[in-house]
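The sequence and structure are shown first, followed by the description.

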Amino acid sequence: DSFQLDGKKQSIRLLDYQVVPANADIQEELFLSNTDFVYQIKRLRLIDDQPFMIETGFIPIKIVPTLSPAVVNSSIFNYLEDTKGKRVTKS
């Protein structure tokens with residue numbers, strides 16, 4: 001969402017969406033306990049239909065229990081801010 005390229009079409013293709021237990025690194029980074037689960041989301045970012053990067057993100061389920069593959073196929077940031085009224089402070 002932070003890429004603003006004049007005249008370029010941005011798109012997202014969902015590659016993988018799983019619910020997994022938070023490993024030790026994720027627990028530390030996201031202030032989770034060893035019983036917490038996260039969404040593990042892997043997406044391909046495209047610019048003018050050309051692959052630009054693959055991103056892997058982790059979102060705690062307890063923060064957004066309603067996150068679905070349909071949502072992560074577009075802007076997670078916009079969904080959280082506009083639909084859920086949550087302020088995104090760290091990415």
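## Fold and strand pairing

In this predicted model, the elements of the protein chain follow the order β-α-β-β-α-α from the N terminus on.

Strand S2 pairs with both S1 and S3. The table lists the two pairings.

| Strand pair | Residues of the partner of S2 | Bridges | Direction |
|---|---|---|---|
| S1 and S2 | S1, residues 10–21 | 11 bridges | antiparallel |
| S2 and S3 | S3, residues 50–60 | 10 bridges | antiparallel |

Individual residues mark these pairings. Val-19 stands opposite Tyr-39 in S2, and Arg-43 stands opposite Glu-55 in S3. S2 and S3 form a hairpin with two residues between them; in the turn, Asp-48 has a positive phi of about 50°.

Strand S2 covers residues 37–47, and eight of its 11 residues are buried, so the strand is largely enclosed by the rest of the structure. For the protein chain as a whole, 27% of the 91 residues count as buried.

Among contacts in the chain with a separation of 6 or more, 50% are accounted for by residues 24 or more positions apart.

The protein chain exposes about 6,300 Å², of which carbon and sulfur atoms supply 51%.

How values were computed
Residues are numbered from 1 along each chain as its sequence is written. This is a predicted model: local features need pLDDT of at least 70, side-chain atom pairs count only at pLDDT 80 or more; totals for chains, interfaces and linings use all residues. Side-chain values use heavy atoms; hydrogens and water are left out. Helices (H or I, at least four residues) and strands (E, at least two) are DSSP runs, numbered from the N terminus. Buried means under 20% relative accessible area, exposed over 50%, partly exposed in between (1.4 Å probe, protein chains only). Contact means heavy atoms within 4.5 Å. Accessible areas come from the Shrake-Rupley method with a 1.4 Å probe; for residues, only the protein chains shown count as cover. Two strands pair if DSSP finds at least two bridges between them.
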